[in-house]
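Please look over the sequence and the model shown here before reading on.

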Amino acid sequence: FYNNQYGIDTVVFRIANPYGPRGQIMHPKYSIANYFIRQALEGKSIKIYGDGNQLRDYIFVDDLADAFIKASLTEKSNGEVFNIGSGKGISFKNMVKTIVEIVGKGTFEHVPWPSDYVNVETGDYVTDISKVKQYLKWTPKINLVDGMKITVDYYQRYLNEYLSW
């Protein structure tokens with residue numbers, strides 16, 4: 001770490017799947033939830049590989065920003081590595097269903113895993129946030145449903161601005 005080697009204050013965050021207003025929505029490579037919101041707003045069918053039961057952790061952007069602020073204001077965070085997420089596992093299928101329900105349009109379908117994805121699928125991932133809770137006294141405040149409602153509301157108003165790039 002730079003703080004040990006060069007005396008520079010550093011903090012490392014390992015961030016779960018972030019989503020929220022003003023995020024990237026053009027492709028699924030970053031912020032899959034935001035991309036799926038776009039798909040639903042456009043009335044498209046969202047593809048769920050396999051049964052969709054794999055667990056993932058999603059973190060709302062405001063909670064993520066709060067963690068950054070707390071880390072920047074706390075000497076105790078210097079040189080530390082923190083996992084940042086909600087700490088709750090949500091099945092991929094339920095994340096997609098939540099988006100479709102909140103948007104009020106769009107659908108989803110289960111499709112087989114592409115052959116080049118089967119071997120890289122990571123299985124379940126739920127962030128262990130116990131260290132960041134202890135060191136920074138930080139916990140996420142926005143649950144998935146509320147965060148998705150805020151995000152969908154934003155893109156319902158500003159979607160065209162993002163599609164005109």
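Predicted model: local features only at pLDDT ≥ 70, side-chain atom pairs only at ≥ 80, totals over all residues.

Residues are numbered from 1 along each chain as its sequence is written, and side-chain values use heavy atoms, with hydrogens and water left out.

Helices (H or I, at least four residues) and strands (E, at least two) are DSSP runs numbered from the N terminus; buried means under 20% relative accessible area, exposed over 50% and partly exposed in between, with a 1.4 Å probe and protein chains only.

Contact means heavy atoms within 4.5 Å. Leaving aside residues up to four places away in sequence, T98 touches L144, V145 and M148; of these, V145 is 47 residues from T98 in sequence, yet their C-alpha atoms are 6.9 Å apart. With its neighbours within four places likewise set aside, N34 is in contact with Y19, G20, G23, Q24, I25, T151 and Y155.

Helix α3 (residues 61-72) has twelve residues and reaches 17 Å from its first C-alpha to its last, close to the expected 16 Å, the expected span being 1.5 Å times one less than the number of residues. Its buried residues are D63, L64, A67 and A71. These lie on the same side of α3, because they cover an arc of only 100° around the axis, taken from the directions from the helix axis to the C-beta atoms. The buried residues of α3 pack against the strands β1 (11-15), β2 (17-19), β5 (58-60) and β6 (80-84), and against helix α6 (130-136).
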